[in-house]
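Here is a short note to read beside the model. Please keep the sequence and the structure open while going through the points.

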Amino acid sequence: MEVAITAVVVGIVCLLIGGAVAYFIVRGRTAAGEVAAGVENERLLADAQAQTKEMVLEAKEEAHRIRTSAEQDARERRAQVQKLEQRILQKEENLDRRLDQLEKRERGLNQREEEIEQHRLKIDELIAQQRLELERVSGLTRDEAIEMLMRSIEVEVREQANRMVRQIEGQAKEEADERARRIITTAIQRWASDQVSESSVAVVPLPSEEMKGRIIGREGRNIRALEMATGVDLIIDDTPEAVILSGFDPVRREIARQALNKLIQDGRIHPARIEEMVEKARSEVETIIKEEGERAAFEAGVHGLNPDLLKSLGRLHFRFSMGQNVLKHSVEVAHLCAMMAAEMGADVNVARRAGLLHDLGKGVSHEVEGPHALIGADIAKRLGQPPKVVHAIAAHHFEEEPQTVEAFLVQAADAISGARPGARRDSLESYVKRLEALENIANSFDGVDKSFAIQAGREVRIVVKPEDVDDLAAARMARDIVSKIEETLEYPGQIKVMVIREKRVVDYAK
């Protein structure tokens with residue numbers, strides 16, 4: 001309708017425009033030609049009116065056409081609206097049906113739940129009645145029966161678990177022992193170092209007894225000057241033709257030894273000459289320390305070490321542990337670590353480097369408080385060593401819990417190097433104390449009859465009372481004793497724990 005109205009308005013506007021045009025045309029004629037142009041004006045007016053009528057007719061036709069098209073569109077839209085209304089009505093009907101079904105299902109479920117709840121109550125009543133009847137027949141309460149059942153189950157499960165543990169441990173031990181034996185044997189066979197134990201030199205021989213007086217000097221000035229310059233105590237006693245050097249620092253002791261030898265050879269012993277010889281000896285010892293550190297790194301196959309690290313490593317040349325030279329021990333551990341790492345597929349470079357540097361802290365342990373493993377790890381960390389190497393150094397005496405394969409290899413190689421025959425010497429006092437500690441640990445367990453520490457403390461045999469300890473308890477006792485030894489004692493290598501349970505039956509024929 002809006003389109004038809006617009007067409008009519010357009011026609012009227014055209015008619016008005018035509019009339020206005022005709023009016024201006026007529027009025028524009030001059031007065032002189034009004035009579036002559038009258039006919040022409042009438043003709044033009046008639047033409048304009050005719051054109052206006054045609055335009056009106058065309059506008060009406062256009063309006064009719066537009067109205068017809070609009071009515072057609074309206075009918076089509078009404079049809080689409082009707083279809084949509086029908087679909088909506090159908091969906092509403094479907095939703096209503098589904099809601100009815102859901103309500104029916106919900107009512108059914110509620111009924112089922114009520115039935116299930118009733119059945120559950122009946123079952124609870126029956127269980128309570130049955131429990132009361134069982135308690136009456138057995139003469140036990142519910143808690144007593146549960147406790148009895150739990151005890152029987154615990155005993156059965158414990159026995160099965162012990163059997164499984166023994167079986168698994170046996171299989172694992174066989175496989176681990178075989179592989180470990182092969183790896184360690186291969187490494188030891190490939191690396192055969194000297195087994196001669198060295199000892200620190202603490203005695204300086206003298207050419208004659210007269211030299212003692214020259215060393216002491218007038219009113220003891222020479223010996224005081226020597227002790228102040230070196231930091232080492234000189235002991236001059238009745239020992240014939242010898243002077244004893246006493247000092248906790250092996251490097252200072254070596255400087256004092258060399259300086260004293262030079263003074264004895266030179267013959268001129270006085271405070272100024274003593275200071276000169278001590279400085280000369282100190283320079284020579286520093287050179288020896290550097291050369292020994294470089295030699296050890298080259299021999300172990302470890303390259304690119306910091307010069308300060310090589311210097312700290314060279315100080316171990318003058319350090320001994322139970323008669324074993326610590327620097328040679330470190331080189332040996334480096335080779336053993338590398339060989340075992342190659343056999344196991346671990347990082348050979350990390351194992352070799354950690355093995356060489358594992359006792360680095362012993363060179364300065366008298367100057368810094370704390371375990372030498374942590375001191376050495378701190379030195380290695382400050383001098384740019386990788387984290388794995390630092391961790392292996394810190395963990396080789398369990399100051400830290402080992403987290404890498406290389407850390408365990410350093411522990412094993414350190415134990416192998418220190419425990420092999422002839423590597424170290426042990427004092428009688430510490431040897432007896434270790435044996436007593438092993439026997440005391442074994443005797444602290446219930447059911448132990450006797451214990452014997454044998455094989456120089458490498459094995460402890462425990463005889464248990466068969467009436468107090470069964471086979472499974474004997475296996476548990478062996479594991480517990482091993483754990484306690486590992487926690488409380490420090491020892492090189494490994495200690496074998498053997499628990500012996502023997503039952504003897506004696507009778508007499510009369």
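1. The expected span of a helix is 1.5 Å times one less than its number of residues. The model discussed here is predicted. Helix α6 covers residues 250-266, which makes 17 residues.

2. Which residues of α6 are buried? They are Pro250, Val251, Arg253, Glu254, Ile255, Ala256, Gln258, Ala259, Leu260, Leu263 and Ile264. An α-helix has 3.6 residues a turn, so residues three or four places apart point the same way.

3. What do the buried residues of α6 pack against? Their helical partners are α4 (210-216), α5 (221-230) and α7 (271-300). Their strand partners are β1 (203-205), β2 (233-235) and β3 (242-246). Gly267 follows α6, and its phi is positive, near 90 degrees.

4. Look next at Thr404. This residue sits in the loop between α12 (387-395) and α13 (405-419). Is Thr404 buried or exposed? Thr404 has a relative accessible area of 18%, and buried means under 20%, so Thr404 is buried. A polar atom of the Thr404 side chain lies 3.2 Å from the backbone nitrogen of Ala407.

5. Now the strands. β6 (residues 448-454) and β7 (residues 459-464) run antiparallel, joined by six bridges. Ile454 has Glu459 of β7 as its bridge partner.

6. Strand β7 is also joined to β8 (residues 496-501). Here the strands run parallel, again with six bridges. Val463 has Ile500 of β8 as its bridge partner.

How values were computed:
Residues are numbered from 1 along each chain as its sequence is written. This is a predicted model: local features need pLDDT of at least 70, side-chain atom pairs count only at pLDDT 80 or more; totals for chains, interfaces and linings use all residues. Side-chain values use heavy atoms; hydrogens and water are left out. Helices (H or I, at least four residues) and strands (E, at least two) are DSSP runs, numbered from the N terminus. Buried means under 20% relative accessible area, exposed over 50%, partly exposed in between (1.4 Å probe, protein chains only). A polar contact is a pair of N or O atoms within 3.5 Å; within protein, one must be able to donate a hydrogen and the other to accept it, and residues adjacent in sequence count only if both atoms are side-chain atoms. Two strands pair if DSSP finds at least two bridges between them. Contact means heavy atoms within 4.5 Å.
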